[in-house]
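Let us go through the side-chain contacts of this entry.

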Amino acid sequence: MSSVESVQITPNKDQSGLRSRRIRWYHYIFLTSVALASFFPFYWMFVISSNDSAAVAKIPPVVVPGENFLRSIETVNSIINFSVPLLNSLFVASVVALSQVFFSTLAGFAFAKLRFRGKNALFLFILATMMIPTGLGIIPFYFMMSNLGLINTLASVILPGLTTAFGVFWMRQTIDGGVPDELIEAARIDGASNFMVYRKVVLPAIAPTATVLGLFAFLAAWNDFMWPLLSLNSPENFTVQVAVRQLRSAYFIDYSVQMTGAFLATVPLLILFALVARRMVAGVMAGAIKG
Amino acid sequence: MANKSRLKRAEERTGYLYTSPFFLVFAVFGLFPIIYTVWVAFHQWDPFGEPTWIGLDNFVALADDPRLWIAIRNTFSIWILSTVPQLVLALFLAWMLSHSRIRGNTFWRSLILVPNITSVVAVAVVFGQLFGRDYGMVNWLLTVFGFSPIDWVNGTLSSHILISIMVIWRWTGYNALIYLAAMQAVPEELYEAAEVDGASKFRQFISITIPQIRPTLIFTVIVSTIGGLQIFAEPLILDGQGYGGGVSRQFSTVTLFMFEQGFSRFEYGYASAIAIVLATIVVAFSIFNFLVVRRIQKA
Amino acid sequence: MFSKKKWLAVSAAAASAALVLSGCAGTESESSSNAGGSSGSSSDSNQKVLQFWAFGDMGLAELIAEYEAANPDIKIEMKVSDFDPHHQGLLTSLDSTTPDIAAIEVGYSSLFKAVSQKFVDLAEYGAADMEGDYLDWRWAHGVDLDGRIFGIPTDVGPMAVCYRSDLFAEAGLPTDRDEVSALWPTWEDFIEVGGQYVSATGNSFLSSTGYVWNAVKNQSDEKFYSADGSSLVYDTNPQIKRAWDLSVAATPIAANIGDWTADWNAGMNNGAYAVLTCPAWMMGYIQGQAPDLAGAWDVAAMPEGGGNWGGSQLVVPARAKYPAEAADFIKWVLSADKQLELFKAKGQFPSTVAAYSDPELLGFESEYFNNAPIGSIYAEGVNTLLPLYEGPKERVIDTEFGSALGRVANGEQTPQEAYDSAIEAIKRDVG
């Protein structure tokens, strides 16, 4: 496949080029403000978790973490076992993310670069499905899943999310804009099959965006609560969002417990961010090296 | 000749094959609820009886229902206040983060996504405290600068602004990452050439970056239109008592109204009719926005 | 290319590892929480797993464990959901896959009463004998118009008035709880005292007028529907009109702060209001939010008797997998003994009458609330309510009135305008 490689346009060729435009101090101020605003409520979750419920009501507000964090975690753990839901969510979200990336890039490639009859109509149909409000659909959906025997199974929360219109639409746009036709032509001339073109030309070119899609799909699956809450009944099947709800008391909110649960449910995502963010930048660099 | 048409047919088959997974999943899990909702819209149905066919009555009643029109007004107001600033901010943020020499680049990228994963309870508490009428921090700041405090939740425009701030807060980072990923694919040579020609950074942004990420821009505009017209989580947070959207429905959105009728009033037929009306609005407005964005010069 | 592949490979490995681990962890946690060691709903054929849906942690974990120990072939799995989704989900599930046991909060019981045929008639399992054990107005929540017993009551949320004795002192009002209770035998007196307080201190007396509304509307034998459920009387019932008028009259003494908002929480601490109508479970909340005010809050009786806020019924859907076992558990856990046990452990106020002569309950005092004998205060108040029919559109009607009161408090409408618009809205939605 050497000719493919040699034709490949490499974005972001080198660090000393224009990518390293001069960063001014006010850029950092803007970024810092954005970062503070983004992070503050999450930090607040931690503050409440590590204090007691009364911290929510204090004026002026409490901004410093207290010493109760470990005790709060103990309280949470005495109500529910968090490790099983965490693993369930990890499993569900990973499968959904991988599946969405694969199917969305595949379909996006087809819509962007392949020719087949009715392509535009099919694509518009997919767009149209995004525009129909689905909130009420949970009622027939439950009925249908019950008939399929999927209630109270992890499959019920995985299967509907295997591929989404959002992902297909996004990948089509990305491939449309980010993969030059010449590249594909060149690969075809070399005798590459469609799948080879997909694997060797398209995927590498859109790696950063596909990574972000995977990340977003993972997040959506991890944070999804409405359907899992309805479908998953047995504690061994709970995902993390369902588990957090088990901390509810009947009439009022115990803020400290709720926030601790929410915090525990969210920290794995931060870890994921750290891992993936590096990948995104690395993906960029890898493209550069090959040229 | 024969070879070419065989290739063409192979390509066609591949096209159908590669796109079929979506249709398969949709056919199994997505189609039935949609058909069902449409069907119910032409019936009167609550949990206490069987569905009764009433034709277009739900839609006629909706046309006369002031609550729908208030909801539509609120929805558009909130859409404009939240979606436009959000996308502009996201573009700007992505542009900044695409300078790979920024220190701690991966750190910033992770941080801007944190709002998207912050739990609803935390959001409700924090924003409730910031914008409380008597003890909120924002009102305190206002009084410090000599303004009078605002009853954020009970006012119409003020509640829209509050909701928009919450929505912008939650989704800007998300969209910024989408733009950032797209910007990474813009060939460096284009910028180099422009630099040589003496173009300013801003000029480069307008003339190179924007056209180059045009497909992604179209994507985000359409998706934000679809999402922005269906906002209901933030209004629900604001009205602690239920789906009414405030005591005078000042921030009731169409989706919230739909949920109110479906899950609080248990009028499934009426709620389904609202869903169809909403779908129509979303389609129309999406087409409109697409036509607007499409006018960006092709790359 | 490498990073993408690597990422895929890493994630695939992580996913498979997670799958394996979750399988192991699942079994492990199963066997550690279940003394019998079997894996719950999956394999063991002689064990029956009952699914129990609730909208909050009802404090039943220990009692469930006790029952499971006494009945080794039964395992009860509880799932807590958010309040509204729980009830909506239950309603949705009734025609397909339902839980075996569910909790229905009092506010929603009227809705489910209208579809009571989708629940097991617990009289088939001997529940009729239990009727005498409970407060009759609480028992009525679980009985439909045909006499089917579709639910058995859990706790009650008896109401009293929590007041800031220190702020009362500043306003020149008595602070001893019996004297305070004597200040307001009627609601009119209550509002007048509120007026005095506001003039003396300049601060609000109540947090919102909704409290008056919520109490008064229930203090009769008819509310929005006629007693036999055959017609709507929300616009003709004098009690409802009185509740409305009193609530409107309370507008000048109320702070117009919504419940559960940040301002409301702050107000518990900083005197934005001096009284709260508080059911039993609210006490724990106040204590949690205002720990520094121990002893400053006290408890007095409510005007004109009592009120109720909260409580639920446990029901068995007709399509439950194990209706007999579910009914057995419900009868056991809601019996007079167990309710008393639960009170002593967790503070949930029983709906079983026998508990009200229990010396421990009567002697129950709250240190935070200035050692108020809340056990006996609540026991007194709880007996004054009458059985009252609530119909399917109960919540709809209530919400419209509540929003109307809110608009009056905001000054957006005059009381008459608000009342008329509420009636109009209800007529359109309900009839």
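Q: What is the handedness of the disulfide between C:Cys162 and C:Cys278?
A: This is a predicted model, and the geometry is computed from it. The torsion about the S-S bond of C:Cys162 and C:Cys278 is about 85°. The disulfide is therefore right-handed.

Q: How many residues apart in sequence are the parts that this pair ties together?
A: C:Cys162 lies in strand E6 of chain C, residues 159–164. C:Cys278 lies in strand E7 of chain C, residues 275–279. The pair therefore ties together parts whose separation in sequence is 116 residues.

Q: What is the S to S distance between C:Cys162 and C:Cys278, and how many disulfides are counted over all chains?
A: A disulfide needs sulfur atoms within 2.5 Å. C:Cys162 and C:Cys278 are joined with S to S at 1.7 Å. Over all chains, the count is one disulfide.

Q: Are C:Cys162 and C:Cys278 buried or exposed?
A: Buried means under 20% relative accessible area. Both C:Cys162 and C:Cys278 are buried.

Q: How many aromatic pairs does the structure hold, and what kind is the pair of A:Phe116 and B:Tyr16?
A: Over all chains there are 86 aromatic pairs. A:Phe116 and B:Tyr16 form one with 5.2 Å centre to centre and 75° between the planes. Planes over 60 degrees apart count as edge-to-face. The pair of A:Phe116 and B:Tyr16 is edge-to-face.

Q: What does the pair of A:Phe116 and B:Tyr16 join?
A: A:Phe116 sits in the loop between helix H4 (83–113) and helix H5 (119–130) of chain A. B:Tyr16 belongs to helix H1 (residues 2–40) of chain B. So the pair joins two chains.

Q: Which class of accessibility does B:Tyr16 have?
A: A:Phe116 has a relative accessible area of 7% and is buried. B:Tyr16 has 33%. B:Tyr16 is partly exposed.

Q: Are the rings of C:Phe349 and C:Tyr356 stacked or edge-to-face?
A: Their centres are 5.8 Å apart and their planes are at 20°. C:Phe349 is buried at 2% relative accessible area, and C:Tyr356 is buried at 9%. Planes under 30 degrees apart count as stacked. The pair of C:Phe349 and C:Tyr356 is therefore stacked.

Q: Over which ring does the charged end of C:Lys241 sit?
A: C:Lys79 lies over the face of C:Trp53, 4.1 Å from the ring centre. The charged end of C:Lys241 is 5.0 Å from the centre of its ring. That ring belongs to C:Tyr419.

Technical notes. Residues numbered from 1 in each chain as written. Chains lettered and ligands numbered in written order. Predicted model: local features only at pLDDT ≥ 70, side-chain atom pairs only at ≥ 80, totals over all residues. Heavy atoms only, no water. Helix = DSSP H or I, 4+ residues; strand = E, 2+ residues; numbered from the N terminus. Buried < 20%, exposed > 50% of the residue type's maximum accessible area, 1.4 Å probe, protein only. Phe/Tyr/Trp six-rings, centres within 6.5 Å; stacked < 30°, edge-to-face > 60°. Lys NZ or Arg CZ within 6 Å of the ring centre and 35° of its normal.
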